[in-house]
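I opened this structure for the first time today and kept notes as I went. The entries follow in the order in which I looked things up.

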Amino acid sequence: MTINIQPKEIKSFFYSQYFSDGLRITIGVLLPALVLTQFHNLGFGVDMSLGALCVSIVDTPGPVAHKRNAMAISSLCIFLVAIITCFARLNLYALGAEVTLFSFFFSMLTVYGNRAAFVGTGALLVMILMMDEPITPDQILTVSLVILLGGIWYMIFSLVFFGIRPYRAAQQALGENIFDIAQFLRIKADFYDPSTDIDENYRKLVSQQIQVSQHQDLVREILFKSRLLVRESTTESRVLVLTFVDLVDLFENIMATHYDYAYMRESFKGTGVLEKISRIIHQMANEVDNAAFIVLLNTKRKQPFDFLPELEELKTKIDALDITHETSNLVLKKILINLRDVNSKIASIYGYYSSNSARLLFEDRRKIEYSKFVTSQDYAPHVFTDNLSFNSAAFKHALRVSAMCLLGFMVAKFISTGHHSYWILLTIIVILKPGFSLTKQRNYQRLIGTVSGGIIGIGILLLVHNKTAEFAFMVFFMLGCYSFQRLNYVVSVLLMTPYILILFSFLGVNNIVTERITDTIIGSVIAFIASYSIFPSWEFEQVNGYLSDVICANANYLQKIAESLSGKPMDITEYKLARKDVFVKSGNLSAAFERMTSEPKSKQRNVKEMHKFVVLNHILSSYIATVAAELMDKSVPDPQPEIIRSVRKSLATLNDVSKKLGGAKTELLSEHVNIIADTNPKTPEPFTDETLLKEQLGFINKMSTDISRVTDNLVA
């Protein structure tokens, strides 16, 4: 199977957003220098490429309108910073002051989100690269205008690139998200394999959930913040939106295939049923993978593998247990129902890419207000000023970057013996992140990549003496560097170093490998020490916020189910918003936990209890999703006292947990509903699988109580 999958993975990379980004950035940055070199003006060509490079940092996945605005602002910023830097470099003290102030100001832009932070990085990059440029005062305006022209060129080139294929970015992001969910499904399948360690598998599941959550957020941004995609009635736009809506439903179905695995393994060992379930889920994951390729390649495909015979065979095995097995097989029947739902969603996604998709696209579907599913960033000036406080992590990060850039500047000017000591500052701004764990990770990745890439670069320069071949190698490394910068930072830096060494060789500068490695090590050491000792940001200091957020989200999710059980019609939009909130908050908590475990042991607090909390939260969310999946397409009878009391008890427990963590409170079912439920003398008509429903609600109650106990240990 591995032999068959590998070529697909290679092909998917060349169709992915990563390679597309790398190709766009490589052409956009390289072309100005190549063209102007043909007109014997390499200097202006390099300056124009510098402007394009700085603006390309902002060109990350997202709505095209956001890209356009950010790249326009970035072009203006690099123009102003280039002018100021060229004048400031005439006086050492003025340049030091500029480095200090600009490092602080542009690092503070993180308060406006990632794209604004990239605008700041581009501005700092042009400042650092212009510090040592031998430019006379009469050349300053001309050079700065050429840099501005490079930024504008890249912005236009990027917008034209997306204008030619306006749906491509959305297809690529959606395809990546489907791949993530396929891997999530495989991890879920392993729970049914008796040889799999349950605790270790939970770690994998939590880690994968972070990937799923991040990519879902990106797809929401691209789809629901783009008028072109949401409001147009073209086939392409409708296919993308409907595929994503069904994909999120599919993810909920996968979450809903969750039970007490240890108990199930003990109860049904030796029957072969669990192994059969695991094989079917793995096969379904392969079909989800195939769906990702269909979306990524934008092709038409036939219907997926027919799972009905497999599911019927599973049903026969489950039914046989009625006679031969002592334990109730009700839970297995519920799993079978979940698998049928998953199969239905997979077929639905395939249907959008089949030859008769036009009929499917214009069927009646529930109306969803997509704008509610994305958050808007506030760019008001008060957001910046409100964060000028030691209570703000962004403020402390900006101070740290500012202080370390000043230190790096002094080391570069007074201690370092190299001629390209700006690499020290460049390393600091690239490596130094708001949290210690991210800084530590980037430090390790950059050092490994730089040293390894340096060896490769030296080998090429020593062995290859043909300029055309060297140029081909440079373009290859450049393309790889920009393609892997979001996918694998180690590989990106490894390819960046020989690309830079060959580039400097073309510019007549040789023997800089030792200088680059030395300056990278100096910058890395400065950044690492700073992240540990200067206004450090540790995850345990802010983890309570993540904990309370996820508890409130789960309580709100459960509240929607409680309202449905009480007889209130379920509002689809509100329900899906609650579900989305749980997915996002759970992903944030899992990411925070992973960052905590990579911090020094002395700075970790209650790691075992935190891991328990993360796992219990996942189980709780999965069980709520299980009940939700049961209720979504079924009519609910009159409220049942026992069921409503169970839900009220769980909500009360979650509210108590939220209170301990300093979070908000979710309203319980109204007393009116409670009175009806408790005083209704009639015996209500039972739910389908009412016994299992009561068991699931009872398990939600148990999970809520377990979370409460773990929380007591965390806040003690």
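This is a predicted model: local features need pLDDT of at least 70, side-chain atom pairs count only at pLDDT 80 or more; totals for chains, interfaces and linings use all residues.

Entry 1, a helix pair. I found that the axes of α20 (residues 436-463) and α23 (residues 513-533) come within 10 Å and cross at roughly 175 degrees. Angles over 145 degrees count as roughly antiparallel, and α20 and α23 are therefore roughly antiparallel to each other.

Next I looked up which residues make the contact. On the α20 side I listed F436, T439, K440, N443, R446, L447, T450, V451, G454 and I458. On the α23 side they meet V513, R516, I517, T520, I521, S524, A527, F528, S531 and Y532. Sorted by class, this contact has 10 nonpolar, seven polar and three charged residues. I noted beside the lists that an α-helix has 3.6 residues a turn, so residues three or four places apart point the same way.

I checked F535, which lies in the loop between α23 and α24 (543-565). Its phi is near 45 degrees, a positive value in a residue other than glycine. I recorded F535 as partly exposed, with a relative accessible area of 33%.

H40 is not a glycine either, and I read a positive phi of about 60 degrees for it. I placed H40 in the loop between α2 (17-38) and α3 (42-56). H40 is exposed, its relative accessible area being 77%.

I compared length with expectation for α21 (residues 467-484): at 1.5 Å a residue, its 18 residues should span 26 Å, and the end C-alpha atoms are 26 Å apart, which agrees. At the start of α21, I found a side-chain oxygen of N466 within 2.9 Å of the backbone nitrogen of T468. For burial in α21, I wrote down E470, M474, F477, M478, L479, G480, C481, Y482 and S483 as buried.

I repeated the length check on α8 (residues 168-190), which has 23 residues. From first C-alpha to last, α8 reaches 34 Å, close to the 33 Å expected. Of its 23 residues, 21 are buried, so α8 is largely enclosed by the rest of the structure.

I counted 29 helices and zero strands. Buried residues make up 55% of the 716 residues. Last, I looked at contacts between residues at least 6 apart in sequence: 83% of them join residues at least 24 apart.

Notes
Residues are numbered from 1 along each chain as its sequence is written. Side-chain values use heavy atoms; hydrogens and water are left out. Axes are lines fitted to C-alpha atoms, for helices over the stretch in contact, and angles run from 0 to 180 degrees between N-to-C directions. Helices (H or I, at least four residues) and strands (E, at least two) are DSSP runs, numbered from the N terminus. Angles under 35 degrees count as roughly parallel, over 145 as roughly antiparallel, 65 to 115 as roughly perpendicular and the rest as oblique. Contact means heavy atoms within 4.5 Å. Ala, Val, Leu, Ile, Met, Phe, Trp, Tyr, Cys and Pro count as nonpolar, Asp, Glu, Lys and Arg as charged, and the others, Gly among them, as polar. The expected span of a helix is 1.5 Å times one less than its number of residues. Buried means under 20% relative accessible area, exposed over 50%, partly exposed in between (1.4 Å probe, protein chains only). A polar contact is a pair of N or O atoms within 3.5 Å; within protein, one must be able to donate a hydrogen and the other to accept it, and residues adjacent in sequence count only if both atoms are side-chain atoms.
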